[in-house]
Amino acid sequence: MLRKIGRLFVIKTRFEAFVIIYALALGATSRGAAYLQEYPGWGGQLLFLATTGAVFLAGAKILDCLKYEKAERVREAAESVEG
């Protein structure tokens with residue numbers, strides 16, 4: 001039962017990854033807007049840039065991991081056919 005629940009938290013497709021990245025971006029921009037109000041000027045702008053930049057880094061990592069996991073599944077399938 002725990003395994004079934006755990007599978008809900010695994011990103012399996014690119015569509016799921018893009019939905020999660022979109023949600024991260026929404027949260028980051030709202031947090032960045034709060035920073036702009038709280039810290040006017042350069043400080044708020046740099047914090048806004050940091051929050052949105054983190055989403056770009058996380059999104060790239062998520063997409064790279066999906067590509068790596070797909071390549072691993074293909075490799076394992078090829079090994080099981082040969083062996």
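Tyr-35 is partly exposed, with a relative accessible area of 21%; the class lies between buried (under 20%) and exposed (over 50%), using a 1.4 Å probe and protein chains only. Tyr-39 is partly exposed too, at 38% relative accessibility.

| Residue | Relative accessible area | Class |
|---|---|---|
| Tyr-35 | 21% | partly exposed |
| Tyr-39 | 38% | partly exposed |

This is a predicted model, in which local features need pLDDT of at least 70 and side-chain atom pairs count only at pLDDT 80 or more, while totals for chains, interfaces and linings use all residues. Residues are numbered from 1 along each chain as its sequence is written, and side-chain values use heavy atoms, without hydrogens and water.

The structure holds 1 aromatic pair. The ring centres of Tyr-35 and Tyr-39 are 6.3 Å apart and the planes stand at 35°, so the pair is tilted (centres within 6.5 Å; under 30 degrees is stacked, over 60 edge-to-face, the rest tilted). Arg-31 sits over the face of Tyr-35, 4.5 Å from the ring centre (CZ of Arg within 6 Å of the centre and within 35 degrees of the ring normal).

The chain has 3 helices and 0 strands (DSSP runs of H or I with at least four residues, and of E with at least two). The axes of helix H2 (residues 14-38) and helix H3 (residues 42-82) come within 8 Å and cross at roughly 170°. H2 is therefore roughly antiparallel to H3 (angles over 145 degrees, on a scale from 0 to 180).

Buried residues make up 14% of the 83 residues in the chain. The C-alpha trace spans about 65 × 30 × 15 Å along its principal axes.

Conventions. Angles under 35 degrees count as roughly parallel, over 145 as roughly antiparallel, 65 to 115 as roughly perpendicular and the rest as oblique. Rings of Phe, Tyr and Trp (its six-membered ring) pair if their centres lie within 6.5 Å; planes under 30 degrees apart count as stacked, over 60 as edge-to-face and the rest as tilted.
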